[in-house]
Amino acid sequence: MAGIYVHVPFCQQRCSYCDFYFVTTARSHAPFVAALCKEIEAYALAYGGREPVTTVYFGGGTPSRLSLEDLNAILATIERGFDISALDEVTIEINPEDVDGAYLRGLRALGFTRVSVGIQSFFDQDLEFMNRSHTAAQAEEVLGAVNETDFTSYSVDLIFGVPGQPEEYWAANLEKAVRSGAPHISTYSLTVEAATPLARMVRDGEVTPIEDDRSGELYQFTMDYLKGSGYDHYEISSFALDGHRAVHNQSYWAHKNFLGFGPSAHSFWSDESRALRWANIRNLNRYVGLIESRGEPVEFRETLDDDTLVNEYIMLRLRTSEGFSISNLTDSHGIDLYDERVDDLAWLESEGLIHPIRNDVVRLTDAGKALCDVVTTKLMLG
Ligand code: SF4
């Protein structure tokens, strides 16, 4: 039950806050698509027969920069190399400025079941601040077009905590997403990542990030609003109507195997003999060059020891509304958190960051969700 992630590194322009790997120069996509297909074919030889692929996710960058022909070529390569008989979900991230009804219908015809729409805000003032390449009008239009296409599901991404954002804009953003009928909404706080235009603006005093307390208030408002609108808050940033949880992401949070293709893509593969993680090079030209010369664009690879696996499991599972089971951890890895972290568990419970432990299950409260990193750090080994 593995997932496949495809990283498409093309964007129209650079959003001020983004630290994903992408390029904005206008260039032919052909060398990338050819290299990507070669990479997929090479991994299919080694991994294609091991587990059926249940989810495929095209992220980026902006996958909707690719033509339908290019996407078809990539999907066909995956289909040829992997067992897709149990395929459950095929998602593609799209940006409002790229797509129209014909493109969306084309995606559906290719087999995409779900789109994730990078809206971020329905207000031009926010979009200009973030240097998004679409307008508020395009954001509204694209949701109309998505609703007219028979995708199994779709998601809307929104960002809160934009400095200088009028008080009422965030509530209005949530309301617009809910009223559009979005079955899945992901919300992210605007964070200042190093080496981004936003980090430079903060350093130069042009922008003052919002206070942590204010960010916490906005997050609490988000949880209350979306839960009150019928959404299940099933992961720190993710809210879904019944039956619309993201299958691919859930598999990732469950620590299932996945293969990542494309520049900067990460992979995780664990079997009875060992657990491996590797990452591709973060440079499009070198990625293409390395595949042409030696068929291998990996720049980092490690074997994960037991403590690392346990820590990752805790970190990933804590993000979810189901949390993690202490006894499962003992059964699978021989680690008993009642021995290792009994005082920390008691402290987290007394601070209201985790729910009282029942049936050995550790789950975050709303306060804990806002401080997920703190809770995770408390419980990690080593
Ligand atoms: S479109 Fe997405 S990947 Fe591209 S720069 Fe903006 S946030 Fe980053």
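Q: Which residue of β3 does Val-56 stand opposite?
A: In this predicted model, Val-56 stands opposite Val-90 in β3. Strand β2 (residues 53-60) and strand β3 (residues 89-94) run parallel and are joined by four bridges.

Q: What stands opposite Val-56 in β1, and in which sense do β1 and β2 pair?
A: Ile-4 stands opposite Val-56. Strand β1 (residues 2-8) pairs with β2 in the parallel sense, over seven bridges. Between these two strands the chain passes through helix α1 (residues 30-47), and the β-α-β crossover is right-handed.

Q: Which helix belongs to the β-α-β unit of β2 and β3, and what is the hand of that unit?
A: The helix is α2 (residues 68-81), and with β2 and β3 it makes a right-handed β-α-β unit.

Q: Why is β2 described as largely enclosed by the rest of the structure?
A: A residue counts as buried if 20 or more other C-beta atoms lie within 10 Å of its own. Seven of the eight residues of β2 are buried, so the strand is largely enclosed by the rest of the structure.

Q: Is Val-90 buried or exposed?
A: With the cut-off at 20 or more, Val-90 is buried, because 23 other C-beta atoms lie within 10 Å.

Q: Which residues is Val-90 in contact with, leaving aside neighbours within four places in sequence?
A: Val-90 is in contact with Val-56, and also with Gly-111, Phe-112, Thr-113 and Arg-114.

Q: What distance separates the C-alpha atoms of Val-90 and Ile-4?
A: These C-alpha atoms are separated by 9.5 Å, while the two residues are 86 residues apart along the chain.

Methods. Residues are numbered from 1 along each chain as its sequence is written. This is a predicted model: local features need pLDDT of at least 70, side-chain atom pairs count only at pLDDT 80 or more; totals for chains, interfaces and linings use all residues. A residue is buried if 20 or more other C-beta atoms lie within 10 Å of its own, exposed if 12 or fewer, and partly exposed in between; C-beta atoms are placed from the backbone. Two strands pair if DSSP finds at least two bridges between them. A crossover is right-handed if, with the strands pointing away from the viewer, the path from the first strand over the helix to the second runs clockwise. Two residues are in contact if their C-beta atoms, placed from the backbone, lie within 7 Å.
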